[in-house]
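Here is a short report on one protein model.

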Amino acid sequence: MKKAFVFYSLLICCGTGSVTHSKAKPFEVRKSHLHGWKQGKDSSLSDTLSKDSIVYYSLDPARPFLGRDTVNLANIQNRPYLTLEQMLKGNIAGVYVQEPSGEPGTIKQNMMVRGLSRPILSAVDFNKSKPLVVLNGIPLIDDPSIIYDIQNYSIQPIGSATSLNSMFDLDNIESIHVLKDYSTLAIYGPRAVNGVIYITTKNAKAGQRKMSVNGHYGFAEPSGVSTINAEFEKTFREPFYRRYATLQQQSAYPAYLSDSSNVNFYGPSNWTDSYYQQKPIYAINGSLEGGSERANFRFFGNYKGDAGAADETSLKRYQAAFYLNMQPVTWLTISSMLQGTRLERGRNRSIIERLGETAFIPDLSTPIAPNKDMYGLYLNEYKKTIDDNVNSSLLGSFSLNFAILKNLNFSPKIHLDYNENVRNVFWPSTLMSGNNYVSNYFGYNERLVFDNLLNYKYEFDTEKSLLLEGGFNFQADAQKYNYIQGYKGPNDFIKVNVVEGNSDKSNYLKSVGFIPYYYQDRIEHRLASLYARATYEKKDEYQLSALIRHDGSSAIQPSNRWFTSYTASTAYNLNYLIKSDAFNFFKVLASWGRMGDVPTNDRDAAGPQYSSELGWKGNNNIFSYNGIGTISRPYQSGWIGYDLPWSYTDLFNAGFDIELQNKRISARVEYYNKNSKDVIFAVPTVAESGYQFERLSGMDINNQGIDLAVNFNYPSQNNGFSWNGSFNVSYNTNALKALPNGLQEVEIGTRKLEVGKRIDQFWLLQNKGIYQNDVDIPVDPKNYKILTYNGTTMKGGDPRWVDQNGDYDINNDDRNLMGNVIPKYTGGFYNRFAYRQIDFSFLLYFNLKKDILNAQAARYFDFANQDEAHDLSAVRDITYWEKNFDEKAYPMYNPWSPVAPYQAEQDMFMEDGSFLKLRNITLGYDFTKLAQANNIKFTKLYLYATASNLLTISKYSGRDPELVDFYGYDNGLGLRLPKTFVLGLKMDF
């Protein structure tokens, strides 16, 4: 931290942004520079590096090649979006966003670009599938996957579990590009194999002082819910008890249901008055910019408060950013940026998340009563808790450009990304069945980047040019956490883990009162890259580009540390041949390349290894025995051998980019074929080794798809009516092409991977109804064997599961791969209508051909097993008293049957999760002319009102088809997405 502080102190003196300079306007930011030839304009590299000026490529060498996949900020700038995922959802073809919870700032959001690069089988796989986020050329670092290693349950990662993608503010963003093919993202190398989200902030510029103040205020409105109480549950269970329950099972009838005079359970189910509440959401930000041609600045400050309208969840963001550009001499330009952000998250009060974190399972036989007064007593105990969740981020960038010659530039840069993650927790004994709990987490992530770029532009004539670029990039990452848990403190008034501070005493630094468990880990990664790119262009006609790079990573085993990547791309304007007056341009685009894929941690690079703890599944690890430190092989995490190579991805992309001459319609369609090869995957190994599986290279996954984006514009005539809009749709399908060791299929828990099939399918039994009586059970005529389930004889009241292989035993061999977790089609439809100073806009968002396992309904029907279970599956939060299912939609099986008739993994619970949403609508009025007519000196004065999450159209019987976890299960854990209503004002003066 001390090094980071010194670094940023130096940046304050210099200040980031893009700077171009010429003889006339040294700090003018040119549109051709920012967007480049592929933006659909007639601009080109020849325009960017004109003969009469010296221009360099800004902070980042990718910016002239960012492509046309750009979020139209005018479509989203008046929406109260909190995270980057929310800004992208429905606005870019080829980007799929999962938002399984309406809790503000939660890490339970994910986005992927052009499909899955690996199966999602655990929480660790989320990080491996994310695109790289880049801010002003800084590749941002996120929390590491190692935080899941010490958890018995991975409902949430340890720490604050706050998404760092909550630190972006729309009022400070100039553009958001999504880089999807290798003509754009290859410059970022191995970290960019899953795509790049490139964010450019607004920058300092010369001119008179300009101030902007923007803000909004509104509220998050909870959705209406149907509640139930013990009377409903008793009525629901009664037919099952009458038909199937034995005397012993009847005698074990839950106590909270047996007394109908208990008003706490049988009275009004009004707990929603305390759980769902209207909450304010607000934001205020301001910026100040100005300066001369030789030195200019910009300052931006932001404060935002967001709420989830449920369970007292919230997030507050404090942010300040400073940008400074200078030109001390004509051949040297300096750009710098400093941005600090603090995120404070008020987390939910979920019982299942709390018990998952503490790994402590108390008596679960009686749930929380749905009565408001009883629930209020429970909430009062939260006043004794400590639940602090804070993330702090500091971003810095310092860039120089030396205009050595007219067409030769050298640009060295330094980037630093440092963020901290802090969580302090205390749960009183009244919430933990007499066992209080304390934990403290501190983690940090640090990335230091040195980037050097040399480029030379040779112009053959006024139309033909060759751009040569060479660069060296070095990234140094450090990620560390310290974590301590303490159980059974002396009382609920001592909320910290106290240790003996006297070094002369025998119990020096030993815990007093609490029983502590300590965890810590640290990983470091170094990535060195050499790259060269050549781009030949004939203005307005064609462009040819090729790149080669050599990357070395410390996360790869020493025998395979370096990998060579290469890409080639081309673009040709067919209108140059057909010379049609109908088109402004008609381009055909194509690219192909191979890019290495760097791991997210260094575990595979270590080869065979030992672990500094002993333990067993479901139990806290043991770090010492009788005062002696313990080590063992990490049998549960798998054997890691030698000579593991790089994983890599081959990507082919081709398409058309069209704009009509009147510029009212433009369209782009692209086909892609992406092959992720030599992916490292854990496969079963021989039991005699003691290991459950072995990590091997050799998994291959294919993604294919089509992205379509259409933009239409009917401009205003004489300040009258205007209309503009956009439509995007993406199709994606995936297939498993190979498994390590030539395997054809692998079973992992409730999932199965099979070569030739999708990697996101459910593995389910096929259900055909119910066996009403014992005589209905099929019998094998050869040996008179009665149908069994994993060896257990089936009886009347059991499901009619299809015996696929005809062996008269229902087991995993009879499960089929069905459905798909990731929708095949995603997209959005945006429209904006304006008349004079008033405008109206809306966004529709859709997912099609998506399936959901309704695990929440399965769990409710499986009450017999839930009553007796002693794990997290038996936890019943207060939302248990919501009715989110149709009690008549499923057959009445025997819930006490040993075959588990209501297990979620059967097609009876798989539903169509397709949906169409009215995501938001906005009504605005521009008062600028009215203000200026009254001598009020505003350059902009705009008032707007926005409403979000208003309508969902879906066949799904559960709460919301978006509230589904990354495995495709609706388990009822995610908070509902609230309706929001805000009134905002934007002022420039």
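How do the residues of the lining of the second largest cavity divide into nonpolar, polar and charged? There are eight nonpolar, nine polar and five charged residues. Here Ala, Val, Leu, Ile, Met, Phe, Trp, Tyr, Cys and Pro count as nonpolar, Asp, Glu, Lys and Arg as charged, and the others, Gly among them, as polar.

## Basis

This is a predicted model: local features need pLDDT of at least 70, side-chain atom pairs count only at pLDDT 80 or more, and totals for chains, interfaces and linings use all residues. Residues are numbered from 1 along each chain as its sequence is written, and side-chain values use heavy atoms, without hydrogens and water.

## Cavities

A cavity is a set of points on a 1 Å grid over the protein atoms alone where a 1.4 Å probe fits but cannot get out; lining residues have an atom within 4 Å of a point. Volume is the space filled by probe spheres set on the points, which are joined across faces, edges and corners.

The largest cavity has about 520 Å³. Its lining has 42 residues, and Arg859, Asp877, Thr879, Tyr880 and Gly972 are the closest to its centre. By class, 16 are nonpolar, twelve polar and 14 charged.

The second largest cavity holds about 320 Å³. Gln86, Glu99, Asn949, Pro978 and Thr980 are the closest to its centre, out of 22 lining residues.

## Overall size

Along its principal axes, the C-alpha trace spans about 95 × 75 × 65 Å. Of the 989 residues, 59% count as buried (under 20% relative accessible area, 1.4 Å probe, protein chains only).

How values were computed: On a 1 Å grid over the protein atoms alone, a cavity is a set of points where a 1.4 Å probe fits but cannot get out, and a pocket is an open set with protein on both sides within 12 Å along at least five of seven lines; lining residues have an atom within 4 Å of a point. Buried means under 20% relative accessible area, exposed over 50%, partly exposed in between (1.4 Å probe, protein chains only).
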